[in-house]
Amino acid sequence: MNPNRLRAYTQLLIVAVIWGIAGPVIKLTLAKLPADIFILYRFFISAVVALVFFLVQGIRLPKNPKTLFQLFVYCLLNSSITLGLLFWGVSKTSLLDMSLISLFGPLLMVLFGFVFLKDRITVREKVGTFIAFLGAIVIGIAPILKTDHGSGQFLGNILIFASLLAGAITGVLVKKLMREGISPNTLANLSFIVGFITFLPFVLLKNGPALTLNLIVSAPFPYQLGVFYMALISGNLAYILNNMGQKTIELSEAAPFAYLYPIFSGILAVFLLGDKLTIPIIIGSVITLVGVIIAEYKKKISF
């Protein structure tokens, strides 16, 4: 296998682990921090790291007004809009619902890559993506069928789907911007600075400076760790690795890795939340892994 492609797969696999863990971390941390405070605190930490990065490495912005506008749209979508909708949705619905709805994210990425980036989708990628989707469905739907969901969660589900839609658009923009020579590090770090700047007025107008600061400072240590995980690991590190991985391969190739998120979320739920490792989860995980391997395996296979 091409070393660059193997490196991209490794980077995306690491991101899958990090973002698979992120779901339970978000849900647990939201028990003590409101969604808007959580997001602002996360953006603040990530923005500080980003500023240090730019002070050390410098920053090169595109001179073309169209590209500069696309960069701003990407940063806004990648931070305030995508994460804002996600956290707001998670605060209103269950982790199980979020897992099931998130299965549509990779499909949107494949579709947008085909329509806007003219990605070539091979038969193997179609088959592998479909198998991975089926496996993720098995993981996500089995526990939901046993749970009573009220109509009050409908808004949360809609918000999460809107977040996936925004995320698919950012997937297209990040590919276009990297083709213009903007580095994956710059894209990830700049988006958190834009996220903090755009989210700060909203939070301050809603809560006021005193309450905002008090909620952040008074949060117990375990919840502080949750925010720092989301800011540094699931934020700066994962977004840079994700951009680096997508720079080498097509969006349709990167999308199936998102089907691994429910597997890692399920493993964490077993050890930290006391959930049971059920037969559907095991079967679904195996099916998903097989689908991802088929989609990403580059040796010529006849179907």
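Does serine 46 count as buried or exposed, and what relative accessibility goes with that label — which is it? In this predicted model, serine 46 has 0% relative accessibility, and because buried means under 20%, it counts as buried. Serine 46 is found in helix H2. Ring pairs link Phe192 with Trp19, Phe43, Phe199, Phe202 and Tyr239 into a cluster. For the protein, the count comes to eleven aromatic pairs. One of them joins tryptophan 19 and tyrosine 239, with 5.1 Å centre to centre and 65° between the planes, which makes the pair edge-to-face. Tryptophan 19 sits in helix H1 and tyrosine 239 in helix H10, so this pair ties together parts that are 220 residues apart in sequence. Tryptophan 19 and tyrosine 239 are both buried. Phenylalanine 38 and phenylalanine 87 make another edge-to-face pair, at 4.8 Å centre to centre and 80° between the planes. Here the pair ties together parts that are 49 residues apart in sequence, because phenylalanine 38 lies in helix H2 and phenylalanine 87 in helix H3. These two phenylalanines are buried as well.

In soluble globular proteins, nonpolar side chains tend to be buried together. The largest nonpolar core here has 36 residues, and the members that touch the most others are Ile26, Leu33, Phe38, Phe87, Val90 and Met230. At least two residues of this core come from each of helix H1 (3-29), helix H2 (35-57), helix H3 (65-92), helix H8 (184-207) and helix H10 (221-248). As for methionine 230, its contacts are Ala22, Val25, Ile26, Phe38, Arg42, Phe87 and Gly235, again not counting residues up to four places away in sequence. There is also a second, separate core of 17 residues, and Leu173, Leu177, Met178 and Leu187 are among them.

How far does the predictor's confidence go? The mean pLDDT of the protein is 84, and 84% of its residues reach 70 or more. Among the elements, H2 has the highest mean pLDDT (96), while helix H4 (residues 95-101) has the lowest (66). Where pLDDT is low, the predicted coordinates should not be read in detail.

Key
Residues are numbered from 1 along each chain as its sequence is written. Side-chain values use heavy atoms; hydrogens and water are left out. A nonpolar core is a set of buried Ala, Val, Leu, Ile, Met, Phe, Trp, Tyr and Cys residues joined through side-chain atoms within 4.5 Å. Buried means under 20% relative accessible area, exposed over 50%, partly exposed in between (1.4 Å probe, protein chains only). Helices (H or I, at least four residues) and strands (E, at least two) are DSSP runs, numbered from the N terminus. Contact means heavy atoms within 4.5 Å. pLDDT is the predictor's confidence in each residue, from 0 to 100. Rings of Phe, Tyr and Trp (its six-membered ring) pair if their centres lie within 6.5 Å; planes under 30 degrees apart count as stacked, over 60 as edge-to-face and the rest as tilted.
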